[in-house]
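This report examines helix geometry and charged side-chain pairs in a single protein model. The sequence and structure are shown below.

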Amino acid sequence: MGDQDTSIKTTREVRDRLRTLAGERGTTMNDLLADLVARELTEAEKQQRVEQALEEVRQTTGVTVSDGARARARSFLQHLGQEHHAA
């Protein structure tokens, strides 16, 4: 059985912007939305990538990254992001 079309409720402003973006890219609104959502990761997918990266670090270097080190790195990156948005 093939994919079935469905509707998404949104504002006219968002719909019109989607239509404009799709037109500029020579694609349909559906294909544009499919491309956009394919690029975004769910929280579960992000966590899976973190675990894969940590396992690769462990296998490559023999170093196991502690929860504390992960928390400090996360805090550091968030701080960098805040500085970037403030500039």
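**Basis of the exposure classes**

A residue is called buried under 20% relative accessible area, exposed over 50%, and partly exposed in between. R58 has a relative accessible area of 36% and therefore counts as partly exposed. The model discussed here is predicted.

Helix α1 covers residues 12–25, which amounts to 14 residues. From its first C-alpha to its last, α1 reaches 20 Å, close to the 20 Å expected at 1.5 Å a residue. Just after α1, G26 adopts a positive phi of about 65°.

Helix α3 spans residues 43–61. The end C-alpha atoms of α3 are 27 Å apart, in agreement with the 27 Å that its 19 residues should span at 1.5 Å a residue.

How many salt bridges does a search of the whole structure find? The search returns 6. In general, side chains of opposite charge can pair when their charged atoms come close.

The side chains of R58 and E55 form a salt bridge, with an N to O distance of 2.4 Å. R58 and E55 both belong to helix α3 and lie 3 residues apart, about one turn of the helix. E55 is partly exposed, with a relative accessible area of 30%, and R58 is partly exposed at 36%.

E43 pairs with K46 in a salt bridge whose closest N and O atoms are 3.3 Å apart. These two residues also lie in α3, 3 residues apart, about one turn of the helix. Is E43 buried or exposed? E43 is exposed, its relative accessible area being 60%, while K46 is partly exposed at 39%.

**A link between α3 and α4**

E51 forms a salt bridge with R70, and the closest N and O atoms are 3.7 Å apart. This pair links distant parts of the chain: E51 lies in helix α3 and R70 in helix α4 (residues 67–86), 19 residues apart. The relative accessibility of E51 is 38%, so E51 counts as partly exposed.

How values were computed. Residues numbered from 1 in each chain as written. Predicted model: local features only at pLDDT ≥ 70, side-chain atom pairs only at ≥ 80, totals over all residues. Heavy atoms only, no water. Helix = DSSP H or I, 4+ residues; strand = E, 2+ residues; numbered from the N terminus. Expected span 1.5 Å × (residues − 1). Salt bridge = Lys/Arg side-chain N within 4 Å of Asp/Glu carboxyl O. Buried < 20%, exposed > 50% of the residue type's maximum accessible area, 1.4 Å probe, protein only.
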